[in-house]
2 protein chains.
Amino acid sequence: VLIIGERINSTRKSVQPALREKNESFVIEEARKQKEAGAQYIDVNVATMGDQEPAYMEWAVKTIQGAVDVPLSIDSPNPSAIEAGLQVHQGRAFVNSVTAEAAKLEAMVPLVRDYDANVIALCMDDQGIPNDARKRCEVASRLVEHLTRQNIPSDRIYLDPLVYPVSTSPEAGQAVLETLRFIRENFPQVHTICGLSNVSFGLPVRKLLNQAFLLLCMGAGLEAAILDPTDQDLMRLLCAGEALLGRDQFCARYLQEYRAGKLGVAPDQK
Amino acid sequence: VLIIGERINSTRKSVQPALREKNESFVIEEARKQKEAGAQYIDVNVATMGDQEPAYMEWAVKTIQGAVDVPLSIDSPNPSAIEAGLQVHQGRAFVNSVTAEAAKLEAMVPLVRDYDANVIALCMDDQGIPNDARKRCEVASRLVEHLTRQNIPSDRIYLDPLVYPVSTSPEAGQAVLETLRFIRENFPQVHTICGLSNVSFGLPVRKLLNQAFLLLCMGAGLEAAILDPTDQDLMRLLCAGEALLGRDQFCARYLQEYRAGKLGVAPDQK
């Protein structure tokens, strides 16, 4: 599973003040920490900065990549902020995110193409987020069709089924799993991605639900995830899941993590 | 997920001496503990008692059911031991297990039918355990055909794909998941079951792999599991998995377990 670290996000209360005051050592440390914990990309969201979002995005991208050798996921609903980030980004970025909304596609897709980026495409359109799996699969199909027609290569597309809280809708989890399986079966060259944590919104012990949901999604064909890589319980289960799904030949990585003391103590060896 | 508690098994070193000396309070306490932890059935295996296995099975079934109100899974490769257990069992038992081996079917299926039991049917035949998913699905189909022809109702049949250690064969996990999906799709009235722990044989931190595999199997349609219900981390993840799969309407059971303090501390509330 490709991991995008989610921690640098201005909607998190503990993060916003540091971003607002452009605390360089804070964002660098957050990026470094997530990379060391296993993130291949670091998501950067400064969406709460309002008018100044593009300037903040440029600052954040430059600051992080000036200190840590890691590609970023430029995360904003605002095309100007996305472009400000892409302009100064080194290497191939993620654009997080487009949707099937007409205005969004028009504003965002040319940026994805011109800057040769990967793109996270959310399964929602001008009618909102579909409740059931069937409609999400329809939106997914439309997104793939539109993006490839606009010359975005299939393997740069990461479809996100979008996750509802299971507290408000009991079939929320199954809808995501069905959409993931649909994408893997029908668009084998397109990738799948998920932001996991929304599934547990409104319920206690959210980490437990997020852990279980990561495994369920992996079994349904999840290839990338936006998550907190410093959550060791989650990362341990992810590592076990890869071994069990045959994506970790002869469990080499699992054993390596074990030897590095990252899997916790073996109960058999206490 | 229907839970069969696996702890009363004579092949476990810590259990064998107590069984050998017919320690009543030990087996009663093991059964009670597993029932309280959420097991709906308790597996009883006294296979290491050799010639005396039938007598031990009779003793174990009477002793447990004399003290704890719980149905049992009569677990033996020996038809005489199975019958000795079934003869004194109250309520509907599980017979654990038949296979597609000719001699096994001939000896065991009449017992399952005559004692109106549920049956665990392992996906192996006289050629051994098939390596790949396709052959397992073939064996599964033959088992269903044979058992229903012998008048075992479909909904009393629990097919176990059989789990190889992932340490010896990287596709072991995927083969199980594919077989589970095949059974759910092709035999909707037949149930699926798994003994999980073999998947982690030979690897460190086995509990972690067993936890991850339980979730992967649940996502692929697992309906029953043979496991240690006193493993709280495993049971917590199982509870989260049920909520996420929409099998726990409005997360009622998840919230109940939380209020009973069984899910651990909510990180949000520390």
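## Model and conventions

This is a predicted model, in which local features need pLDDT of at least 70 and side-chain atom pairs count only at pLDDT 80 or more, while totals for chains, interfaces and linings use all residues. Residues are numbered from 1 along each chain as its sequence is written, chains are lettered from A and ligands numbered from 1 in the order in which they are written, and side-chain values use heavy atoms, with hydrogens and water left out.

The average pLDDT of chain A is 95, and 98% of the residues score at least 70; pLDDT is the predictor's confidence in each residue, from 0 to 100. For the model, ipTM is 0.92 and pTM is 0.94.

## Contact between the chains

Chain A and chain B each bring 42 residues to the contact, where contact means heavy atoms within 4.5 Å. About 3600 Å² is buried between chain A and chain B, with 77% of it on carbon and sulfur atoms. Buried area is the accessible area (1.4 Å probe) that two parts lose on being put together, summed over both. Between chain A and chain B there are 0 salt bridges and 4 residue pairs in polar contact, both residues at pLDDT 80 or more. A polar contact is a pair of N or O atoms within 3.5 Å; within protein, one must be able to donate a hydrogen and the other to accept it, and residues adjacent in sequence count only if both atoms are side-chain atoms.

On the side of chain A that touches chain B, the elements giving two or more residues are α7 (172-186), α8 (206-219), α9 (232-244) and α10 (252-259) of chain A. Helices (H or I, at least four residues) and strands (E, at least two) are DSSP runs, numbered from the N terminus. The most comes from α8(A), with 11 residues. By class, this side of chain A has 28 nonpolar, 9 polar and 5 charged residues. Ala, Val, Leu, Ile, Met, Phe, Trp, Tyr, Cys and Pro count as nonpolar, Asp, Glu, Lys and Arg as charged, and the others, Gly among them, as polar.

## Symmetry

Chain A superposes on chain B (RMSD 0.0 Å) by a rotation of 180 degrees with 0.0 Å of shift along its axis. The two copies are thus related as by a two-fold rotation axis. The superposition is by least squares on the C-alpha atoms of residues with pLDDT of at least 70 in both. The copies meet through the same surface, because 100% of the interface residues of chain A are also interface residues in chain B.

## Backbone

Most residues other than glycine have a negative phi, and most peptide bonds are trans. N96(A) and S97(A) are joined by a cis peptide bond, with omega about 15 degrees; S97(A) is in strand β4 (residues 94-98) of chain A. In chain B, a cis peptide bond joins N96(B) and S97(B), with omega about 15 degrees.

N151(A), in the loop between α6 (133-149) and β6 (157-160) of chain A, has a positive phi near 65 degrees.

## Salt bridges

Over all chains the count is 30 salt bridges, each a side-chain nitrogen of Lys or Arg within 4 Å of a carboxyl oxygen of Asp or Glu. One of them joins the side chains of D116(A) and R92(A) (3.1 Å, N to O). D116(A) lies in the loop between α5 (102-114) and β5 (118-122) of chain A and R92(A) in the loop between α4 (79-88) and β4 of chain A, so the pair ties together parts that are 24 residues apart in sequence.
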